[in-house]
Amino acid sequence: ESDTASEVSFQLSRHKKSPSTGSHSSDMASVSSVSGSVLSVYSGDFGSVDAQGTVEFALDYDEKNREFQVHVSQCKDLAVVDEKKGRSDPYVKTYLLPDKARMGKRKTSVKKRTVNPIYNEVLRYKIEKMVLLIQKLNLSVWHNDPLGRNSFLGEIEIDLASWDWSNRKLNWYPLKPRSLSAVNGVDHRGVMSLSIKYVPPGSLGKRPRNPPSGEVHIWVKDVKDLLQLRPSGVDSFVKCYVLPDTSKKSYQKTRVVKKDTNPVFNHTIVYDGFHTEDLKDACVELTVWDHEKLTNHFLGGIRLGLGTGLSYGISVDWMDSTQEEVAFWQEMMLAANEWIEGLLPLRSL
């Protein structure tokens, strides 16, 4: 099943209020299928081709002119939109997110009849560096249709807060399907694949009270589409706590997977000391981090629980599970001793 396992006791500190873990975040829009390509619902996108190919670009900040520059070099192996004529007329478009409207979009010229367009154009934004560092760059490739029915060909999102600004070289990036942010207006941070299982006390085998207390098993499989922090990808790992317990006993983590925006962890964590009535008051928090020498950078997370805002009668801001996270936890509560599989979008916590 998994190549790494860790086991830990879950001790509930019921009477002391645990430290808060960040502000209450709004519910993410529920998305029924995250695994497939999600089509854009704006920009007049009528195409339904699958994203493919790569784009080559470089980023730079010109301190003297206070200007952010995106040097768009070229694309390779783009999808073909007009099958009959075997053609695509691609152009590249950039936005700074979340502030799409104010900063405006920038576009390259359109290159006709090619899936390997060469642009060598610089898209410029007059913006203070401090403001730039709280943005994400969304760079997308589109087929230009004379009737305005443009087709989406792929995109990449770059988190500028953790971009390595000393790197001014051109680099190649794979184009990805339309992210959830475009569809739901939420920030897309990737999708975690995992399974969970609850083993009630005394439910295994002939020996009485086996296990003596209940167990929650968490199998972290992989994460897809993490934010691209560096040209080489990210060095990521997953942390796990069972809240309200934030002690060392509750803390578990996976190994670090290097240079990969689609890391495979295959790591199982078992928490014992879990009574059935604890399931409504506890919350499993899984967070993904980029590992760096000086400080780890938060990439996104999920919280599995009932999302009631309360834990053992105390109001807590971490009991804020989305509809999908709540449904996943409830399914586990209803199906003792069975692995429940899930695909959940990461969010800011």
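The protein chain exposes about 16200 Å², of which carbon and sulfur atoms supply 50%, the accessible areas coming from the Shrake-Rupley method with a 1.4 Å probe and, for residues, with only the protein chains shown counting as cover. The model is predicted, and local features therefore need pLDDT of at least 70 and side-chain atom pairs count only at pLDDT 80 or more, whereas totals for chains, interfaces and linings use all residues. Residues are numbered from 1 along each chain as its sequence is written, and side-chain values use heavy atoms, with hydrogens and water left out.

Of the 349 residues of the protein chain, 52% count as buried, a class defined by under 20% relative accessible area, with exposed meaning over 50% and partly exposed in between (1.4 Å probe, protein chains only). The secondary structure comes to four helices and 19 strands, taken as DSSP runs (helices H or I, at least four residues; strands E, at least two) and numbered from the N terminus. Among contacts (heavy atoms within 4.5 Å) between residues at least 6 apart in sequence, 70% join residues at least 24 apart.

The largest nonpolar core has 35 residues, among which Met192, Leu194, Ile196, Ile218, Leu286 and Leu304 touch the most other members; such a core is a set of buried Ala, Val, Leu, Ile, Met, Phe, Trp, Tyr and Cys residues joined through side-chain atoms within 4.5 Å. The elements giving two or more residues to this core include strand S10 (191-199), strand S11 (215-224), strand S15 (283-290) and helix H4 (323-334). A second, separate core of 29 residues includes Val49, Tyr119, Leu137 and Trp165.

Helix H4 has twelve residues and reaches 16 Å from its first C-alpha to its last, close to the 16 Å expected at 1.5 Å a residue, where the expected span is 1.5 Å times one less than the number of residues. Its buried residues are Glu324, Glu325, Val326, Phe328, Trp329 and Met332, and the buried residues of H4 pack against S10, S11, S15, S16 and S19. Pro345 lies in strand S19 and is buried, with a relative accessible area of 5%; the C-alpha atoms of Pro345 and Val191, 154 residues apart along the chain, are separated by 4.3 Å.

Thr108 is placed in the loop between strand S5 (106-107) and strand S6 (118-126), and counts as buried because its relative accessibility is 7%. When residues up to four places away in sequence are not counted, Thr108 touches Val72, Tyr91, Val92, Tyr119, Glu121 and Leu123.
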